[in-house]
Every structure is written in structure tokens, then in C-alpha cells.
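Me: Could you take a close look at the charged side chains in this model and follow them into the interior? I would like one connected account that I can read with the structure open.

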Amino acid sequence: DVYIFGTQLENASSVGEYVATTDQTRKSQGNVTTNLLTYSEMLDQSSEWITLRMSGVDANDVASPFGDVTADKVKSDSTANATRYIRQFPDAESVSGQDYTASVYVKAAGVNWIYLALWELGNFYIGAAYFDLQNGVSGTTTHGTSTIESVGNDWYRVSVTGAGTGTGKFINEIWMAEGDN
């Protein structure tokens, strides 16, 4: 299991200030960051967030990195050696040659590794990497570039960045992993 808070996708070459979205409207923070994801703190919205081999999402289960109890616990099922993820298909098209950064705040809750992936429909990943939540380090970056930043209380903000190819809409995925690569 893993705690997740503050998912974000932005048209930028690095992580920007987090911008919460609570409905189907993308939101901006000044002229700097627009979060292209919806329901960024509400992973229990099954119409927006799709799970594979997860037993559920406990909404508002633990304090977020900002101190309010709005972080969700995403729980894996008991299928052995299986792919487990939560994903969103944001209503945003990539533009060829422009950089996009996906980020999320995560905290271990039984699972120590995650894989954050950003890809385009009809294409492969543009940014993807493994992250070790026990030791606070990046693992293998399989596409694009990645960062991990400790934000206190065992929370990390992880990100991947890659260039769009203009082939379609995005898919943003957070996988539970059993290790690096």
C-alpha cells in the first residue's frame, strides 16, 4: 500500500508549485503552473481514477505533507507478482517538442517502491522512473528525467519529465513496484 497526495501534470520542464484540483476543471496558480489533472487529491473518484489490481482507496486517510488530513491510501490486492497501478486519462493533448512534468507526493505504507509513468495514447512513455520510498532515492529512470525531494514526515515529491510527441492525450500512472526496474 502507499499514501498518495497531490497528483499534478503540467506543461513545464520541471516541477512547479502544487495546484489542487477538486473537480473537472483544470486550475492555474498565477501565471506559473496549470495542473492538467482533475481530482488531484481525490483518488477515490472512480470516474476519473482507474485502478488495476487494487483493493480500494481510503480517502482522506492520513495527514498530507501540508498537515491536513487529505492524503489517500491506495491499497493493493493479494494477486502475487502482478502489475498494480492507479491512472488517470486527463483531457489534455500533448504538443510535439514541449516538455511535460508529472509529479505526486507519496509515502510508503507497506510498499517501498513506486513507478511514476507519463505517456501518450498511441505512443510509449515520455517520462517514467522508479522511486525508493524507504531510502528517499530515485531508482532507474526509464524515460525522460526524474527527481525525488523529501518534504518531511517520510513524504516525498517525485516527478518525471519528458518531451511530448504530439501523438495524443496523456496517461498518468502511479504503480506499486516490488523494487527497482
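**Charged side chains and the interior**

Reply: Let's begin with lysine 75, which is partly exposed at a relative accessible area of 23%. Please keep in mind as you read that this is a predicted model.

The side chain of lysine 75 forms a salt bridge with that of aspartate 58, with an N to O distance of 3.2 Å. This pair connects distant parts of the chain, since lysine 75 belongs to strand β6 and aspartate 58 to strand β5 (residues 54-62), 17 residues apart. Aspartate 58 is likewise partly exposed, its relative accessible area being 27%.

The count of salt bridges comes to two. The other pair to look at joins the side chains of lysine 73 and aspartate 1, at 3.9 Å from N to O.

Glutamate 120 is part of strand β9. Glutamate 120 is buried but makes no salt bridge, and the nearest side chain of opposite charge, that of lysine 169, is 13 Å away. What does its side chain reach instead? Leaving out residues up to four places away in sequence, glutamate 120 touches several others, including Ser94, Ile126, Gly164, Thr167 and Phe170. Lys169 is on that contact list too, even though its charged side chain is 13 Å from glutamate 120 by the charge-pair search.

From here we can turn to the aromatic residues. There are eleven aromatic pairs in the structure. One of them brings tyrosine 115 and tyrosine 130 together in a tilted arrangement, with 4.4 Å between centres and 40 degrees between planes. Tyrosine 115 comes from strand β9 (residues 113-120) and tyrosine 130 from strand β10 (residues 125-132), so the pair ties together parts 15 residues apart in sequence. Tyrosine 115 is buried at 8% relative accessibility, and tyrosine 130 is buried at 14%. Both also belong to one aromatic cluster, made up of Tyr115, Trp119, Tyr125, Tyr130 and Trp175.

That leads to the nonpolar interior. In soluble globular proteins, nonpolar side chains tend to be buried together. Here the largest nonpolar core has 30 residues, and among those with the most contacts inside it are Val2, Ile4, Val106, Ile114 and Val158. Strands β1, β8 (99-108), β9, β10, β13 (155-163) and β14 (170-177) each contribute at least two residues. Strand β8 gives the largest share, four residues.

Setting aside neighbours within four places in sequence, isoleucine 114 contacts, among others, Val2, Val106, Tyr130, Val158, Ile174 and Trp175. Another core, of seven residues, lies apart from the largest one and includes Tyr3, Tyr18, Tyr105 and Trp155.

Definitions and conventions:
Residues numbered from 1 in each chain as written. Predicted model: local features only at pLDDT ≥ 70, side-chain atom pairs only at ≥ 80, totals over all residues. Heavy atoms only, no water. Salt bridge = Lys/Arg side-chain N within 4 Å of Asp/Glu carboxyl O. Buried < 20%, exposed > 50% of the residue type's maximum accessible area, 1.4 Å probe, protein only. Phe/Tyr/Trp six-rings, centres within 6.5 Å; stacked < 30°, edge-to-face > 60°. Lys, Arg positive; Asp, Glu negative; His and termini not counted. Contact = heavy atoms within 4.5 Å. Core = buried A, V, L, I, M, F, W, Y, C linked by side-chain atoms within 4.5 Å.
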